[in-house]
Amino acid sequence: MPPSRVALVTGGAGGIGHAIVNALVAGGHRVASGDIASQQTSGEAVLPVHLDVTDRGSVDQAVTQAERELGPVEILVNTAGWDEFHQFLETEEGFWDRIIELNYKGCLRVCRRAVPGMVERGYGRVVNISSDAARVGSSLEAVYAGAKAAQVAFGKTLAREVASRGVTVNSVCPGPTETPLLEGMLGAGETSAKMVEALRRAVPMRRLGRPEDVAAAVAFLTSDDAGFITGQTLSVSGGLTMA
Ligand SMILES: NC(=O)c1ccc[n+]([C@@H]2O[C@H](COP(=O)([O-])OP(=O)(O)OC[C@H]3O[C@@H](n4cnc5c(N)ncnc54)[C@H](O)[C@@H]3O)[C@@H](O)[C@H]2O)c1
């Protein structure tokens with residue numbers, strides 16, 4: 001039986017985050033689910049913690065609470081993220097800042113707080129949930145794609161810096177995945193249905209991703225068995241991106 005570890009999942013109340021929390025619990029881990037949204041307690045193995053990744057004080061409090069109640073964080077999954085579809089030429093700097101603060105700097109803040117302990121203890125697994133947009137671009141998502149690409153490059157660099165200390169850092173890139181985020185971005189009505197159909201047709205496996213598809217990849221990359229894999233970028237998108 002693999003060892004039971006302590007995990008922190010940011011964005012744990014969302015579509016993909018919740019599936020990751022469930023997968024880690026199924027793997028025998030104790031999981032702090034950090035989110036800005038309020039969360040129901042869902043079983044003894046899950047500790048809901050209030051976490052705003054755009055606020056350094058909140059990140060500090062959430063990691064402190066998780067470590068006090070569950071023990072040192074050994075697995076960190078940075079899932080919190082957000083986007084809206086806009087033509088880049090119609091966006092303003094305030095929007096860029098919101099995207100970068102959450103999708104990129106949010107990941108930096110949580111890593112900065114949680115990874116030193118992993119390095120000290122000589123064991124850690126970090127997975128950053130990026131996006132296929134980071135690898136190949138995505139229309140109407142210019143700033144988000146840039147922030148997600150920055151997250152991948154950051155992860156590779158951090159991976160190099162901590163590799164000899166037993167800590168791995170990898171990125172998982174979902175393609176379009178059925179979650180509240182995607183539903184909100186696509187909106188409702190006929191145009192939305194057409195966009196979903198176009199996305200589905202673009203995927204070689206002819207379906208959108210499910211949160212569980214992403215969670216399965218995260219479960220592997222955070223396992224003890226994945227200890228020789230670091231600095232990698234794995235697309236989970238039914239063959240949409242083969243880069
Ligand atoms: N759904 C997709 O098609 C898709 C595709 C590629 C990448 N992603 C990425 O996957 C991740 C999860 O997305 P999802 O589709 O599950 O979205 P989601 O909206 O269902 O979940 C995102 C979660 O992040 C939380 N969150 C937002 N701001 C936060 C903050 N400041 N601090 C802490 N938590 C915060 C939200 O409350 C929510 O629970 C995101 O990073 C997203 O960019 C999603």
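Residues are numbered from 1 along each chain as its sequence is written. In this predicted model, local features need pLDDT of at least 70 and side-chain atom pairs count only at pLDDT 80 or more, while totals for chains, interfaces and linings use all residues; side-chain values use heavy atoms, and hydrogens and water are left out.

Around the ligand stand 29 residues, each with a heavy atom within 4 Å of the ligand. The closest are Ile16, Asp35, Tyr144, Thr177 and Thr179. By class, this shell has 15 nonpolar, eleven polar and three charged residues; here Asp, Glu, Lys and Arg count as charged, Ala, Val, Leu, Ile, Met, Phe, Trp, Tyr, Cys and Pro as nonpolar, and the others, Gly among them, as polar.

A backbone N or O atom of glycine 15 lies 2.9 Å from a ligand oxygen atom. For isoleucine 16, a backbone N or O atom is 2.8 Å from an oxygen atom of the ligand.

The space taken by the ligand is the largest pocket. A pocket is found on a 1 Å grid over the protein atoms alone, as an open set of points where a 1.4 Å probe fits, with protein on both sides within 12 Å along at least five of seven lines; lining residues have an atom within 4 Å of a point. The lining of the largest pocket comprises 49 residues, and Tyr144, Thr179, Leu181, Leu182 and Met185 lie nearest its centre. Its residues divide into 26 nonpolar, 17 polar and six charged.

The second largest pocket is lined by 14 residues, with Pro2, Gly27, His29, Ala219 and Ser223 nearest its centre.

Note on methods. A polar contact is a pair of N or O atoms within 3.5 Å; within protein, one must be able to donate a hydrogen and the other to accept it, and residues adjacent in sequence count only if both atoms are side-chain atoms. A molecule sits in a cavity or pocket if more than half of its atoms lie within 2 Å of its grid points.
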